[in-house]
Amino acid sequence: MRNAKKRPTFEVADIIKKYGDQYRSTGKVPTHHLRTLSAIERCRTAALGGHLNVCTDCGVSKISYNSCRNRHCPKCGGFERELWIEDRKRELLPVRYLHFVFTIPAEFNDFCRYNPSFCYSLLFRSAWKTLDTFAKDKKWLGANAGASMVLHTWGQNLMLHPHVHAIVPSGGLDGEGNWVYPKKGSLRSGFLFDVKAMSKVFRAIFIKAFRKALSDDLLVLPPSAPSEKKELRRWLQSRHRQDWVVYAKAPFGGPDSVVEYLGRYTHKTAISNHRLLDLSGGKVTFRYKDYRQKGTQKSMALAATEFLRRFCMHILPPRFRRIRHYGILSNFHKTRSLTAARSSLGVDPASIPVKKPRAERVRRLIENFLGHGITDCPDCGAVDSVRRILLPPNARAPPAQRTGVPTK
């Protein structure tokens, strides 16, 4: 795993412990939001139980409490991120990778709040259909492409800002399983496709599906939305005249830079504990980047209940998948497609790492993080001397910790 950062002074869990009840009393909070807040508040505390590591040689004992493993918790996700990156490393091809960002206008934010599953799934589908349309066009590529997409719903100020990051190999497979490279010059200035044309196609695909869902009464209308159907049609026409944003970043330098990007973006939460600066006077102060001023670092102070409200806007619906793969990288096609692509690109099959059992991979990550074996004592250096005692939730300090005597 990556080197651990210095422990932050403040945590989101501290905010929930101090102001959670006040926020819950402000109005109706969805059940899955309450579960998430409770999980983050209890993460790595006695409330979730844990285990006691006791060295049978020197008698030193240390408690490690369990993590909540909630995907919205700023303290969790490290192991899942590293395991996910290892899996992606095995799928990388020796080609350049492109980075696209698809964003829907802020006018849809209230619809996203009241219909998160529909709106976010439509964002995924529209982004992929746009990429797939351009990839199959012989003017640009004329092949079946693939993409790995990650949903982010937040901006630096914690307001709603739904967008998907798409990582796309620069090429694709034709009908015979041969790798097709982009047309000469199409990667100039970092563009695989014309982003202005992509923006128009993305807008048309999204609005068409959105309009049909409205006509079929499949959406919950937020209070800010027009109540009359005629007004809704006018509102949609305004969205169609609006400029939508599809942003293409410069191509990655190589597979290593792709992995670094994935490590930063795939398992992020709305805000990290390291961005919290102060928690006093009923306010939360945190650091953010103002991208309107070239990413200048600034600080913002919010009432604690407003901070929790913004944080909860980014809690996804239960079982919603925020990392998805499409085309030749989809789970259905991946094995066959990657085999064909590697064969066409001349990749030696022996160079592809073999996937090891999860338990073995987790153990290796833990030992790399600790710098020693998980059964070795970090105090006296004794090998295979640590005995683990499981602790139930809300357990008091066990006798071994109070006495500090060897348990051999």
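Predicted model: local features only at pLDDT ≥ 70, side-chain atom pairs only at ≥ 80, totals over all residues.
Arg239 is placed over the face of Trp235, 5.0 Å from the ring centre, where a charge counts as over a ring if NZ of Lys or CZ of Arg is within 6 Å of the ring centre and within 35 degrees of the ring normal. Residues are numbered from 1 along each chain as its sequence is written, and side-chain values use heavy atoms, with hydrogens and water left out.

Rings of Phe, Tyr and Trp (its six-membered ring) pair if their centres lie within 6.5 Å, and planes under 30 degrees apart count as stacked, over 60 as edge-to-face and the rest as tilted. By this rule there are 20 aromatic pairs. Phe108 belongs to the loop between β3 (97-103) and α4 (109-114) and Trp235 to helix α7 (residues 229-241), 127 residues apart; helices (H or I, at least four residues) and strands (E, at least two) are DSSP runs, numbered from the N terminus. Both Phe108 and Trp235 are buried, that is, under 20% relative accessible area with a 1.4 Å probe and protein chains only.

Phe202 and Trp244 are edge-to-face because their ring centres are 5.6 Å apart and their planes at 75°. Phe202 is buried, at a relative accessible area of 0%, and Trp244 is buried at 6%. Ring pairs link these residues into a cluster, among them Phe108, Phe202, Trp235 and Trp244.

Conventions: Buried < 20%, exposed > 50% of the residue type's maximum accessible area, 1.4 Å probe, protein only.
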